[in-house]
Amino acid sequence: MTENQLDTRQENEGTAVEAGSKATERFAASGKPTGTGVPKERVSLLAGALIKAANDIVVEHEVTYEEYNALKAWLIKVGNDGEWPLFLDVWLEHTVEDVNSQDRPGTKGTIEGPYYVPNSPVLDSPATVEMRDDEDGVPLQFSGQFTDTDGNPIQGAQLEIWHADSAGFYSQYAPGLPDWLFRANVQADSEGHFVLHTMRPAPYQIPTDGACGQLISAAGWHAWRPAHIHIKVSAPGYQPVTQQLYFPGDPHNADDIASAVKPELMLNTTPRTDGAAGEEASYDYVLAKVGQSK
Ligand code: DHB
Ligand code: FE
């Protein structure tokens, strides 16, 4: 690690709650629909089921007043720390994603997580994502092709990529990093091929100094996610896919705190065949047409 990156890392330590509250601000500003269109019947059904599940837990486990008040204090802290996006994306989004993608053919998705930022720099393939001078880590050449479910190349496909640096920090959420570090929107060529150059990210620990970290240590769990690259792919007329790619052999593939690893999402890296430094890997995307289902 370079001096600079070490400085950044030290600066970042103890500021994880900042990442949590940024995720809350960003969600509020994202323009994502926040439920005003959910019909009364569904609200009643879902809120009723959630309340019933919580009451059942109290009965089954004979929850004490000390435990009830600990829960109250903790829920207040999750909000004060701005960690609702973190909490939900770690412990619930994986199931929402499974349920909502079960009928979509083609490449598997997984959770988006809290750190996506829209409107990243648009780069034509072959592309190099933004890095600092002397960026620490293993260079990674990542390539692939977009096809439809019949194997025909797709035109106009794009691949948005975002990932942590080799110290495990995300730009725009950890302080001291360039805004678009390891964030880009790569345009595939007319045959659906793309090539991009980045660095292999590090395993990532969800922020440990806020409410989520407090829960993790109180329960004796760990805070790790395996190293991963976030990707969102889309093309006109096709259903978009949000996914992450993981590296075989990562010790946390089997116990990801966010339960977001799937066997179809492994990126097999090999040393560069052209003698350049680092690794290469390819991954092909199969997109379903709008309206197409299994
Ligand atoms: C969280 C962070 C991630 O990078 C991710 O992919 C999923 C969840 C989190 O901190 O909640
Ligand atoms: Fe992530």
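Predicted model: local features only at pLDDT ≥ 70, side-chain atom pairs only at ≥ 80, totals over all residues.

**Surroundings of ligand 1.** I looked up which residues lie around ligand 1 and found that 14 residues surround it, the closest being V90, Y170, R225, H228 and H230. Sorting this shell by class, I wrote down nine nonpolar, four polar and one charged residues. When I turned to secondary structure, I saw that α5 (84-91) and β9 (228-234) each supply at least two residues of the shell. I also checked the location and noted that ligand 1 sits in the largest cavity.

**Polar contacts of ligand 1.** I then went through its oxygen atoms: one is 3.0 Å from an N or O atom in the side chain of Y170, and an oxygen atom is 3.2 Å from an N or O atom in the side chain of Y204. With the backbone I found an oxygen atom of ligand 1 at 3.4 Å from a polar atom of L86. As for cover, ligand 1 has 290 Å² of accessible area on its own, and the protein covers 100% of it.

**The iron ion.** Which residues coordinate the iron ion (ligand 2)? I found Y170 through OH, H228 through NE2 and H230 through NE2, at 2.0 to 2.1 Å. Along the chain these donors follow the spacing Y-x57-H-x1-H.

Definitions and conventions
Residues numbered from 1 in each chain as written. Chains lettered and ligands numbered in written order. Heavy atoms only, no water. Near = heavy atom within 4 Å. Polar contact = N/O pair within 3.5 Å; in protein donor to acceptor, adjacent residues only side chain to side chain. Areas by Shrake-Rupley, 256 points an atom, 1.4 Å probe, with all protein chains shown as cover. 1 Å grid on protein atoms, 1.4 Å probe; cavity = no way out; pocket = protein on both sides within 12 Å on 5 of 7 lines; lining within 4 Å. Sits in = over half its atoms within 2 Å of the grid points. Helix = DSSP H or I, 4+ residues; strand = E, 2+ residues; numbered from the N terminus. Nonpolar A, V, L, I, M, F, W, Y, C, P; charged D, E, K, R; others polar. Donors = N, O, S within 2.8 Å, 3.2 Å for Na, K, Ca; no water.
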